[in-house]
Amino acid sequence: RNRGGLGRVVERGETGIRRLLASRERAFLLDPQDPIGRSGLARIASEQNRWDEVWDIYLGAIEEFAPAEHAVSIHDEVARFREELGQTDKAEERFRAIQALKPDDERALNRLEELTRGQERWVDLAEILERRTESSAVPMAPGPARRSKLAELAALYEQHLDKRYEAIESW
């Protein structure tokens, strides 16, 4: 835990940064949940603009051995940082990966819904609303929230997708 190490490594140039990244990667792969390891990688990414390399390390940990809950956590962290960098398409990829691993992940589903609504991607939004209201894997409980989603889906069908019969069925 050499806290001044990054400054000294930067002085050594590109080779030093690559070595530091490799060292942090090894530590991260030993314990992907360690907050110190994660913050060290995030610091390198931020200070050296090495975001893609750091996220490749994160995603590599998933491919190696991560159980589903850890994989979801890693995907979520990468998605959050991608959003902060304005890379919504790459963030969306991570949210979709979370949905593939854990279809009932409410945060990922909410973010996907917000992103597709904000980008006016009506077909994708309809698919998400259908999954929320009709899916047997993640059924939405009857009540006002479900009725609100169904009403939005019906309006979407009618106003943007020219699917009047589906709009009627949604009610």
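**View A. Salt bridge between E77 and R38.** The side chains of E77 and R38 meet at 2.1 Å, N to O. A salt bridge here is a side-chain nitrogen of Lys or Arg within 4 Å of a carboxyl oxygen of Asp or Glu. E77 sits in helix 5 (residues 68-84) and R38 in helix 3 (residues 35-48), so the contact ties together parts 39 residues apart in sequence. Helices are DSSP runs (H or I, at least four residues), numbered from the N terminus. E77 is buried, at 10% relative accessible area. R38 is buried too, with a value of 10%. Buried means under 20% relative accessible area, exposed over 50%, and partly exposed in between (1.4 Å probe, protein chains only). The structure holds 17 salt bridges.

**Model and conventions.** This is a predicted model, with residues numbered from 1 along each chain as its sequence is written. Local features need pLDDT of at least 70, side-chain atom pairs count only at pLDDT 80 or more, totals for chains, interfaces and linings use all residues, and side-chain values use heavy atoms, with hydrogens and water left out.

**View B. Salt bridge between K102 and E69.** The closest N and O atoms of K102 and E69 are 3.8 Å apart. This pair links distant parts of the chain, 33 residues apart. K102 belongs to the loop between helix 6 (88-101) and helix 7 (106-118), while E69 lies in helix 5. K102 counts as partly exposed, at 25% relative accessibility.

**View C. Salt-bridge network around E113 and K149.** E113 and K149 meet through their side chains in a salt bridge of 2.5 Å, N to O. E113 lies in helix 7 and K149 in helix 9 (residues 144-159), so this bridge ties together parts 36 residues apart in sequence. Both E113 and K149 are buried. They belong to a network of salt bridges that links E106, E113, R117, R132, K149 and E152. Side chains of opposite charge can pair when their charged atoms come close.

**View D. Helix 5 from end to end.** Helix 5 has 17 residues. From its first C-alpha to its last it reaches 24 Å, close to the 24 Å expected at 1.5 Å a residue. The expected span is 1.5 Å times one less than the number of residues. Its buried residues include A71, V72, I74, H75 and E77. V78, A79, F81 and R82 are also buried in helix 5. G86 follows helix 5 and has a positive phi, near 80°.

**View F. Contacts of Y58.** Y58 touches F28, R38, L41, I74, E77 and V78. Residues up to four places away in sequence are not counted. Contact means heavy atoms within 4.5 Å.

**View G. Aromatic cluster around F81.** F28, W51, W55, Y58 and F81 form one aromatic cluster. The structure holds 5 aromatic pairs. Rings of Phe, Tyr and Trp (its six-membered ring) pair if their centres lie within 6.5 Å; planes under 30 degrees apart count as stacked, over 60 as edge-to-face and the rest as tilted. W51 and F81 make a tilted pair, 5.8 Å centre to centre with 35° between the planes. W51 lies in helix 4 and F81 in helix 5, so this pair ties together parts 30 residues apart in sequence. W51 is buried at 15% relative accessible area, and F81 is buried at 14%. W55 and F81 are stacked, 5.1 Å centre to centre with 25° between the planes. W55 also lies in helix 4, so its pairing with F81 in helix 5 ties together parts 26 residues apart. W55 is buried, with a relative accessible area of 0%.

**View H. Confidence and residues 7-11.** The protein averages a pLDDT of 84, and 88% of the residues score at least 70. pLDDT is the predictor's confidence in each residue, from 0 to 100. Over residues 7-11 the pLDDT is below 50. Beyond near neighbours in sequence, this stretch has 5 contacts in the model. Where pLDDT is low, the predicted coordinates should not be read in detail.

Definitions and conventions
Helix = DSSP H or I, 4+ residues; strand = E, 2+ residues; numbered from the N terminus.
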